Amino acid sequence: MSAYRPSNIPPGSWPRRMREDLAAGYVGERYIEDFLKRVGKDYPHPRVIEGRRRLWLIEDLDAAIAPNGVVNDLAEDL
């Protein structure tokens, strides 16, 4: 059995500030640990750090997964 924690994809809309489980799900990582391994490389560092609490902003995550200002999803064009 894996010690990896699954990411979280909430029903409805995404919050502007996300814990690591939500941030991992938002960028498409299956596990939180996979997301955390890529923080500082492919994904931004959390914007809010208060003790153990770490929060990523949706705008920072969008910039990481849609570089060069890509606004619309390619699937919309199909």
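I started with W14: its relative accessible area is 27%, so I logged W14 as partly exposed (buried is under 20%, exposed over 50%, partly exposed in between, with a 1.4 Å probe and protein chains only). This is a predicted model, so I kept local features to pLDDT of at least 70 and side-chain atom pairs to pLDDT 80 or more, while totals for chains, interfaces and linings use all residues. Residues are numbered from 1 along each chain as its sequence is written, and side-chain values use heavy atoms, with hydrogens and water left out.

Next, ring pairs. I counted rings of Phe, Tyr and Trp (its six-membered ring) as paired with centres within 6.5 Å; planes under 30 degrees apart are stacked, over 60 edge-to-face, the rest tilted. That gave me 4 aromatic pairs. W14 and Y26 have ring centres 5.0 Å apart and planes at 80°, so I put them down as edge-to-face. W14 sits in the segment before strand 1 and Y26 in helix 1, 12 residues apart. (Helices, H or I of at least four residues, and strands, E of at least two, are DSSP runs numbered from the N terminus.)

F35 and W56 are also edge-to-face, because their centres are 5.1 Å apart and their planes at 70°. F35 lies in helix 2 and W56 in strand 3, so this pair ties together parts 21 residues apart in sequence. I checked burial too: F35 is buried at 0% relative accessible area, and W56 counts as buried at 1%. Ring pairs join F35, Y43 and W56 into a cluster.

In helix 3 (residues 58-65) I found I58, D60 and L61 buried. They cover an arc of only 160° around the axis, so they share one side of helix 3 (arc taken from the directions from the helix axis to the C-beta atoms).

For the strands, I required at least two DSSP bridges per pair. Strand 2 (residues 48-50) runs antiparallel to strand 3 over 3 bridges, and E50 has R53 as its bridge partner. In their hairpin, G51 takes a positive phi near 65°.

Last, S7: its side chain reaches the backbone oxygen of E29 at 2.8 Å.

Terms used. Polar contact = N/O pair within 3.5 Å; in protein donor to acceptor, adjacent residues only side chain to side chain.
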